[in-house]
Amino acid sequence: MSSQGTGRTVLATAAVLAAGVGALLAETEGLRAFTSETARRLAVAHAPKPLPVVPLRDERGERIEIPIPGRPMLVEFIYTSCPTLCTTLAASFARIQDRLAEAGAPPALQLLSVSFDPGRDDPAALRAYAEAHGADPARWRVALPESGADLRTLLEAFGVVVIPDGEGGFVHNAALHLVDRGGRLAAILDPGEIERAVEGLGG
Amino acid sequence: MTTHRSVADARALAAAPLLLAILARERLEAQLLTHLFVQFPLLLAAGALLAGPRPPARLGPWNRGGAAGLALAAVILAFWMLPRVIDASVGDGRFAFAKFAALPVAGAALACCLPRLPWLARQFLALQTIAMAAAVGWLYLALPERLCLRYLRSEQDELGAAFLIVAVTSFCVWLGGLLRVAPDRRAIPRAGRPFAAEASL
């Protein structure tokens with residue numbers, strides 16, 4: 001009776017642990033993704049994610065819809081009064097813009113900075129941001145989703161989480177989002193991965 | 001009679017932490033520290049009060065010394081402390097619901113299985129848990145990246161420091177308890193016998 005009870009307990013404990021390890025392995029993509037950021041990067045690398053069509057208004061007041069069929073693009077999320085991360089993202093876009101021009105890539109809108117701060121980022125603020133970072137409107141636009149619902153759709157589709165930093169600004173996951181010709185989110189790159197980004201754009 | 005009443009009272013009492021955890025959800029989840037150090041314990045406490053100190057008798061042969069129940073609690077706690085799961089429990093309704101169901105189960109398992117664990121194994125588990133809390137605290141403080149997208153880096157630091165404080169305090173309490181028990185030589189071998197608590201089942 002006693003050894004039978006011990007055997008059952010060992011069996012039950014082993015089953016619980018096996019189920020637990022299984023859940024942990026599944027939720028961490030085989031111990032590779034403990035954070036949401038790593039998980040979203042792995043997920044799109046494994047299977048590019050189709051994106052919804054979302055309308056935006058750029059720094060010149062022109063309407064843009066992304067994704068643009070047949071055109072690979074890089075999308076980054078910013079707010080123009082951001083003193084830190086967004087500056088790094090803008091610097092990356094500036095370098096990528098230069099690289100595309102040097103490579104002789106035909107001028108086409110392939111770089112899009114999307115603001116998630118409709119409260120402060122009016123067209124004038126978007127224009128000032130574009131000018132400050134040397135954006136060539138033929139290749140790089142700075143835009144705001146047309147409505148709050150469009151903004152939420154876009155953030156959710158790209159897996160970007162924006163939270164208040166407690167000092168009037170925001171904290172967000174900063175990355176270069178590569179959208180492929182098929183309008184799918186195909187890769188999420190660090191701001192420093194210039195070569196991969198240019199390669200992804202076909203430059 | 002009295003025991004039945006006190007168990008019933010404890011079960012009624014379980015509603016309080018559960019309700020508090022649900023009603024104050026937004027406020028508790030607004031900060032990483034209150035999410036893990038207030039909401040989690042409230043849900044564990046609700047489960048513990050609901051279950052009471054005795055596991056269902058029919059589970060006895062499958063849960064000698066409380067081993068299976070404690071494994072279940074460990075697995076649930078480890079899962080819900082993964083940074084991406086913490087994020088999901090704030091942003092995804094399905095995960096939020098699952099958290100409010102799973103953590104009370106872990107609390108129930110802890111309440112009814114910990115007293116059944118042999119003394120020596122309990123000491124080992126206590127040390128293991130303290131070491132884990134210290135390691136998690138150190139990780140939260142030392143890793144340069146922001147682990148949870150829904151929380152600030154400064155909140156991660158607060159949580160790391162809280163884990164370290166809890167680990168050090170728990171270690172002192174554990175050591176104090178050990179020193180108090182040690183002079184009573186009869187206590188150790190009696191409670192230390194494997195599955196001694198089973199005798200009461």
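Colleague: Which residues in helix H4 (residues 123-132) of chain A are buried?

Modeller: This is a predicted model, where local features need pLDDT of at least 70, side-chain atom pairs count only at pLDDT 80 or more, and totals for chains, interfaces and linings use all residues. Residues are numbered from 1 along each chain as its sequence is written, while chains are lettered from A and ligands numbered from 1 in the order in which they are written. Helices (H or I, at least four residues) and strands (E, at least two) are DSSP runs, numbered from the N terminus; a residue is buried if 20 or more other C-beta atoms lie within 10 Å of its own, exposed if 12 or fewer, and partly exposed in between, with C-beta atoms placed from the backbone. By that count, the buried residues of H4(A) are Leu126(A), Tyr129(A) and Ala130(A).

Colleague: Why do the buried residues of H4(A) line one face of the helix?

Modeller: Look down the axis of H4(A) and take the directions from the helix axis to the C-beta atoms. The buried residues line one face because they fall within an arc of 100°.

Colleague: And which residues are exposed on the other side of H4(A)?

Modeller: The buried residues pack against strand S5 (111-115) and strand S6 (140-145) of chain A. On the other side of H4(A), the exposed residues are Ala124(A), Glu131(A) and Ala132(A).

Colleague: Turning to chain B, how many helices does chain B have?

Modeller: Its pattern along the sequence reads α-α-α-α-α-α-α-α-α. Chain B has zero strands, and its helices number nine.

Colleague: At roughly what angle do the axes of helix H3 (residues 32-51) and helix H8 (residues 153-181) of chain B cross?

Modeller: Axes are lines fitted to C-alpha atoms, for helices over the stretch in contact, and angles run from 0 to 180 degrees between N-to-C directions. The axes of H3(B) and H8(B) come within 8 Å and cross at roughly 35°.

Colleague: Which element gives the largest share of the side of chain B that touches chain A?

Modeller: Two residues are in contact if their C-beta atoms, placed from the backbone, lie within 7 Å. On that basis, 20 residues of chain B are in contact with 24 residues of chain A. Helix H4 (67-80) and helix H5 (83-91) of chain B are the elements that give two or more residues to this side. The largest share, seven residues, comes from H4(B).
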